[in-house]
Each structure stands twice: as C-alpha cells, then as structure tokens.
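This report walks through one protein model, moving between single residues and the whole chain. Please keep the sequence and the three-dimensional view open while reading.

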Amino acid sequence: MSGYQQTSQNLYWWQRGVVYQIYPRSFKDTTGNGTGDLQGVIDKLDYLNDGSTELTTSVTPDSLGVDAIWLSPFHPSPMADFGYDVADYCDVDPLFGDLATFDWLVAEAHRRGIKIIIDYVPNHTSDQHPWFIESRRSQDNPKRNWYIWRDPTPLPSSPRKRGEPEGGPPNNWGSFFGGPAWTLDEATGQYYLHQFVKEQPELNWRNPEVRQAMMDVLRFWLERDVDGFRMDVVGLLIKDAELRDNPPNPDADPNLSPNDLFGRQLHIYNQDQDEVHEIIRDFRRLLDEYGDRCGIGEVWFELPRWIKYYGEKGEGLHLPFNFRLMRQPWQAQAMRRSVDELEAALPAFAWPNYVLGSHDFPRLASRLGGQAQARVAAMMLLTLRGTPTLYYGDELGIENGVIPPEKIQDPQGINLGTERTRDVCRTPMQWDSSPNAGFSTAEPWLPVSDDYATRNVAVQSADPTSILNLYRRLLWYRRQSPALYGGSYQPLDVDDDCFVYLRQAGDERRLIVLNFIGQARQVSIPGEEGSRVAISTHLDREGEESLSKLELRPHEGVIIELM
Ligand code: NOJ
C-alpha cells in the first residue's frame, strides 16, 4: 500500500470516496410514526448518489455523489441512548424495518455504487441485552464475567448508621453523561460499570468469550455484505486492569455541571490502554479476510495516542476518525496548523480523514457562525487530502434546532443541562416545504427546524447558488479530479486570513484559496501563468483569472485550476 500519498492511482474506495453519515431516526419516515426508517433511506438513495457515471464539472448534477453511507445504529434497542444501547446486535429494530429491508438497502446502495458502513457498538450493550439480563442474575451466573462487576468499596470506618449503604462505587470514574460510572445492583450486591447511561453496561473485553461473540457480530454483517464499520468509542474497550482512580483534571472548566464528574478528571485509566490495540488488530484481520472492507474508529485522543489506532505498520484501523478540525476556532492559520500537524505526523501507510459534523456535535453552520462560513468549510472539507465525512443536513446548511426543554430527549441534555443536548443536531432532514419538511406525515420525534420552508432539498435544488448545489458541484468536481481525491497536499504562505494549499497529482494541479474572514482579501501567488477559477463558494464566478492579484470576497473560497 505504500506510496499512495503521492499517487492517485490504486486507491481504495474508502480513500478516494466521501462518506455521508445518516442518523436513521431523522432521515425519512415511511411508516408515518414520526421516526425515520431504513425504507426511508432506500427511498432517498438517488438523492445521495443515483449511480450516474457521467461526470460533469460545470453543470450541477442532480444527486450529491457520495460514495458511502454510514448508518448510525438501527438494531433492536430500548433507545436509552437512541440506539447506542443495543439489545440485539444481529437484527433490526422494528422501528426501522427488518433484516429483509436492510438487505434490500445494501443491494440498492450497491447497485448505485454506494458502500454501506454500519455502526458497531462494542464497548457496551443495552441493559436489556440477553447477555446482561443473564449476567445480573447472580454472582455465579456464567455470563457474570461478560460485564465489569465489582464489590462496593468499603466506606471510611466510622460506624455506619442504619440505612446507610455498605460501600461506595469501586472507583471514582464518572460517566460521560453525568454522575458516577457505576451503578449498584442491589439484588446481587455489586456495582457494574457504565461510562454512559446506566442502561449501557460495559462489556468485559478481557473475557475471551466476549471477544468471540463480538467478532461473530462483525462476521454476521460482513456476510450480509456491509462494506465497513464505524466502531463506537473503540478506544474504551480495555480499561486499567486494576481499575485505578483517575486523577483530577487541574484544568477542568469551573462552570461544569456539579453532576459532571467525568469532566473533572484526567482519563488515564478508563480508556486508551495499550492492550486495546490487540483487539483492533483482530478486527482488522477479520476485515481483511473479507477483502475490500473498511474499519473506521471513533477515537478522540491527542495526536500521538490517536495515531496508534492505525497500527504500527497499518495493521489497525483504516481510518480513526479525525475530529481535530472541529475543535479549532474558525481561523485560517488554526485550521492550517491542525492539517499540517496531521500531515507531518502520519506515517506513509496512514490515510488522512476529516470530520466536521456528527450526531454528537452542534451543527456546523451554527458552530462556525453563519452560512457563508459553512460554505467555506464545505470547500475545505472536500478539497483536503483524505477521506471526508459529511453529516446529513450539513449540505443544506441546517443550523441547530431549537428544542423546548420539555421536548429534550438526549440523556446528555437531560443529565448535564439543556445547553448540552445533542438533540439540536438530530432534527429531521428537511426535504421540502410541506408540513414536517416532507420528513414524515406524523409529528416528528424531534421538532423540525423553523426555517424548513425555505431551507430544504426542493427549494435549494431550484436555486443555482444554494449551499446544496455548492456541495453537489464540489463532490462531483472532486470525484473527477485525481489531484483532489488522491494528490499531494502542500500549504502555501500567502495571507494570514486565508488558508491556501496546492493539491497535485501528476500534471494536474489545483490551488485552493479559502478566505476565512468577513472582509475582502487580495492575494498574490507569484510564478503562475495561466489559471482558471473552477468553483467559487459563491457559485457565481468561473474562468481565467490572474493570480498576481486574486480578489476574494468576504468568506469566499475558490478552487483554481493551474495550467
Ligand atoms: C459515541 C456516539 O457517537 C454517541 O452518540 C453515543 O452516545 C456514545 N458513543 C455511547 O455509545
């Protein structure tokens, strides 16, 4: 695999392609119950990629042209964390359809050349999973050791008063969603570990039987022809063998909710233990047995630790998700630094990737402060070297939904404060101007955003300069440009407020100039004869332009073809 950094030849689909994340609850409801389903995804496949191979660069295509879709969980689940609490890994929740619908979805996607990536949630199950129901029956149940159970820690020796508990949690770990990471099971007198809600008990990956069972889950879906997995919090699978206390975080935000024990700690012992890589190697070996499949991991750690998830020689994940750009302020040089650090750190075998939005974060357009910035972000995401992941609705510039407090559904928002709710980025997809944005005939599970009548696929398709048409143009342009999907990356020092880089494959050279500020900039790139603007984020400018005095309007990005 070496050498693909500079050549655009022989790339795998997960290198060359663009991934589009679908949150199935919110994409398209076909049963009239207010919740999206798999049939809804099938019905909208042509929107994502109609399989047409006729590539045009100057005409706006009808479909987006993404190469793969990642589906957030659709398995049977009590929905304590909206599907990230799985009660059966090998089935489909009736809310979303059934296995036959899933198979149909795979077939229809493949017919259009779209790959299917599904979520794999290996760290925890639902407390309603039969394994956990067994496990909690008694301390000597054969499945007891499938989860992480510990005796209470004796409380300080002062005499216990009547009614006081006999002991506290086994250590000081906090849950991501607030409160302690341990819940006492009164019936059997032990605590179990859950770093999310208490309905998400954590599997014991030190137990070979668990490993076997969870590898079988991967096999089950590989046999159904899925092309890859997005592995949920994969860096959490192994915890410190002694479950030691985490140290306090001296830099913790003093305004954290009192309930946020997690935010007050340094996460030394609850995650990212070296032994996790052995498990990831097993995942990779299995994927490789099936050929051209892809393992993506949700991995948040700092660069030196994060990079290890590729494996020492590329025997780990194909793509540990790179969320770093999401944490940068909207400044050209901050973005450039983050990209350059990544480029410098990646070994030759490791392929970069970028994520700007997900079901866990405020909407891109809201985070960046406006639609104009969101358009520049789209151009950046789709022109950097590496695999981009788009989040459904970002192609319309959907902003954070306004969720009345009584309608908040997300446990993070319920436990840690309304401002932390992830519901804001999970509102229904906006298809057209009809009631409920064409998402459903019933009241949707989360309110549709107020702007749906003007911000939707139908309206934006008819507007030649909409952000949707910008995404379409960028995606199709990228698709036929070896420099963009596979070429080298070289940043240029041009102007502090602009992020400027050259992408090149063979003789094909594309210059990207992104103005990050709300004022016009004039930049000069010496030594270039012959250049043509191919796409502006404003979608109103094309043709020959001199690079000795290139004018950029406020928040404008351009792709320039160099002769
Ligand atoms: C990460 C997922 O992206 C998030 O939505 C979920 O709540 C947690 N993992 C727990 O599975």
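## A buried glycine in a loop

G401 has a relative accessible area of 7%, and because buried means under 20%, this residue counts as buried. The structure shown here is a predicted model, and the values given below are computed from it. G401 is found in the loop between strand 13, which covers residues 387-391, and helix 12.

Which residues does G401 contact, once its neighbours within four places in sequence are left aside? They are V424, T427 and S449. A separate distance relates G401 to R305: the two are 96 residues apart in sequence, and their C-alpha atoms are 34 Å apart in space.

## The protein as a whole

The protein has 15 helices and 21 strands, and its C-alpha trace spans about 85 × 50 × 50 Å along the principal axes. For 563 residues, a compact globule would have a radius of gyration near 24 Å, and the protein, with 24 Å, agrees with that value. Of these 563 residues, 59% count as buried.

Among contacts between residues at least 6 apart in sequence, 68% join residues that are at least 24 apart. The accessible surface comes to about 21,700 Å², and carbon and sulfur atoms account for 49% of that area. As for charge, there are 56 positive and 82 negative side chains, and the centres of these two sets lie 2 Å apart.

## Helix 11 and Q373

The buried residues are Q373, A374, R375, V376, A377, A378, M379, M380 and L381, and a reader can follow them along the helix, which runs over residues 371-381.

Q373, placed in this helix, has a relative accessibility of 12% and therefore counts as buried, the limit being under 20%. Beyond its neighbours within four places in sequence, Q373 is in contact with W330, L368 and H555. Although Q373 and T537 are 164 residues apart in sequence, their C-alpha atoms are 9.7 Å apart in space.

## W221 in helix 6

W221 lies in helix 6, which is made up of residues 208-223, and at 1% relative accessibility W221 counts as buried. Not counting residues up to four places away in sequence, W221 touches F74, H75, Y89, C90, D91, L99, F102, I118, V226 and F229.

Most residues other than glycine have a negative phi. D272 has a positive phi of about 50° although it is not a glycine, and A437 likewise has a positive value, near 60°, in a residue other than glycine.

D272 is found in the loop between strand 9 (228-231) and helix 7 (276-289), where its relative accessible area of 12% makes it buried. A437 has its place in the loop between helix 12 (411-416) and helix 13 (457-462), and A437 is buried too, with a relative accessible area of 0%.

The C-alpha atoms of D540 and T465 are separated by 7.3 Å, while the two residues are 75 residues apart along the chain.

## Cysteines and disulfides

A disulfide is a covalent bond between the sulfur atoms of two cysteines. How many disulfides does a search of the whole structure find? The search finds 0 disulfides.

How values were computed
Residues numbered from 1 in each chain as written. Predicted model: local features only at pLDDT ≥ 70, side-chain atom pairs only at ≥ 80, totals over all residues. Heavy atoms only, no water. Disulfide = S-S within 2.5 Å. Helix = DSSP H or I, 4+ residues; strand = E, 2+ residues; numbered from the N terminus. Rg over C-alpha atoms; globule rule 2.2 N^0.38 Å. Buried < 20%, exposed > 50% of the residue type's maximum accessible area, 1.4 Å probe, protein only. Contact = heavy atoms within 4.5 Å. Areas by Shrake-Rupley, 256 points an atom, 1.4 Å probe, with all protein chains shown as cover. Lys, Arg positive; Asp, Glu negative; His and termini not counted. Charge placed at Lys NZ, Arg CZ, Asp CG, Glu CD.
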